[in-house]
Amino acid sequence: MGDGAKPKLTVMGQSTAAGGDFGRVRIMGQAVVKGPLTCERLRVMGELEARADVSAEAATIMGQASCRGDVTAAKLQVMGALECDGHLSAGVFKTAGEVVVRGNCGADRALIRGALTVEGLFSADEARFRLHGPCRVREMGMGRLTVELPRYLWKSSMRRHGTLEADVIEADEVHLVHTRARVVRAQVVRLGPGCEIERVEYGQSYEAHPDAKVGRVIDAGRPE
C-alpha cells in the first residue's frame, strides 16, 4: 500500500470482515461484511453478504451479492445476482443477471437485459429494457423509457422473451412492447405488440399497434 493509498480487501476462501473504506475489494470466495463497506472498485466473483450499506465508485457483480442496506455506485454492472433490501442508486446501471430491490431504484441511465424486481419506485433519466427475463416494477418514473425484445441471432421459432409488469408508468416518452400496466402516463406514448394497458394518458401523441390491448385512452392535452 503506497502513501495515501487505501487498503485492499481480497477474499479467496471464507472470511468475515468488519467493513471499512478500501481501494479495491475482490470477493472470490465467501465473505460476510458486518459493517458499512466503501470502496473504489468492487468485484464479486464469489458470494458477498453485506449486512450494512455498500458504496463503490464502480461495482461488478459476477457471482452473488446480498445487501441488507443500500447499494450506491457510480457504475454498477450485474452479470450474476444482486439482492438489495434497501435502496439502489447508480449513475450507470447495467444488468444481464438477476436483480431484486426491496426499496427504490434510481439511475441516470439503465440498461436492463436480465430479470428485475423493484418493489418500490424505479426512476431514471433514460432506461432501456431488453426483455430477456421477467421484469416487475411497482412504479416507474422515467424521462425516456424503451422496452424492446431481445436481439437473437437464431431463428424466430426458438426465441423466448420476458414481460415487463408495472402498476404505474410515468415518463416523458415511452416506447413499449410486451408490457402489462394499470396506468401509462406520458407526453409521447407508443405501444407495440403484446402490450396490455388499462388506462393511457398522453399529452402530445399516442400510437398503438393493432395487437396492443388498451382500455381507456385519455388525451390529457385536450380541454374537456
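Throughout these legends, buried means under 20% relative accessible area, exposed over 50%, and partly exposed in between (1.4 Å probe, protein chains only). The model is predicted: local features need pLDDT of at least 70, side-chain atom pairs count only at pLDDT 80 or more, and totals for chains, interfaces and linings use all residues. Residues are numbered from 1 along each chain as its sequence is written, and side-chain values use heavy atoms, with hydrogens and water left out.

View 1. With a disulfide taken as a pair of cysteine sulfur atoms within 2.5 Å, the count comes to zero. C39 is in no disulfide, the nearest cysteine sulfur, that of C67, being 12 Å away. C39 counts as buried at 4% relative accessibility. C105 is also buried, with a relative accessible area of 1%.

**View 2. Parallel strand pairing around β12.** Strands are DSSP runs (E, at least two residues), numbered from the N terminus, and two of them pair if DSSP finds at least two bridges between them. Strand β12 (residues 98-101) runs parallel to strand β10 (residues 81-84), joined by four bridges; here L82 stands opposite V99 of β12. Four bridges also pair β12 in the parallel sense with strand β14 (residues 115-130), where V100 stands opposite T117.

**View 3. A nonpolar surface patch of methionines.** M12, M28, M45, M62 and M79 make a nonpolar surface patch of about 460 Å². Patches are made of residues with over 30% relative accessible area and no salt bridge, like charges being joined within 9 Å and nonpolar side chains (Val, Leu, Ile, Met, Phe, Trp, Tyr) within 5 Å. Accessible areas come from the Shrake-Rupley method with a 1.4 Å probe, and for residues only the protein chains shown count as cover. M62 is found in the loop between β7 (54-61) and β8 (64-67) and counts as partly exposed at 39% relative accessibility.

**View 4. Aromatic pairs.** Rings of Phe, Tyr and Trp (its six-membered ring) pair if their centres lie within 6.5 Å; planes under 30 degrees apart count as stacked, over 60 as edge-to-face and the rest as tilted. The count by this rule is two aromatic pairs. F122 and F129 are edge-to-face, at 6.1 Å centre to centre and 65° between the planes, and both F122 and F129 are buried. Y202 and Y206 are stacked, at 5.6 Å centre to centre and 20° between the planes. Y202 is buried at 15% relative accessible area, whereas Y206 is partly exposed at 25%.

View 5. A salt bridge is a side-chain nitrogen of Lys or Arg within 4 Å of a carboxyl oxygen of Asp or Glu, and the structure holds 17 of them. One of these joins R180 and E165 (2.7 Å, N to O). R180 lies in strand β17 (residues 179-191) and E165 in strand β16 (residues 164-176), so the pair ties together parts that are 15 residues apart in sequence. R180 is partly exposed at 34%, as is E165 at 28%. E201 forms a salt bridge with R185, the closest N and O atoms being 2.9 Å apart. Because E201 lies in strand β18 (residues 196-208) and R185 in β17, this pair ties together parts 16 residues apart in sequence. E201 counts as buried at 14%, while R185 is partly exposed at 30%.
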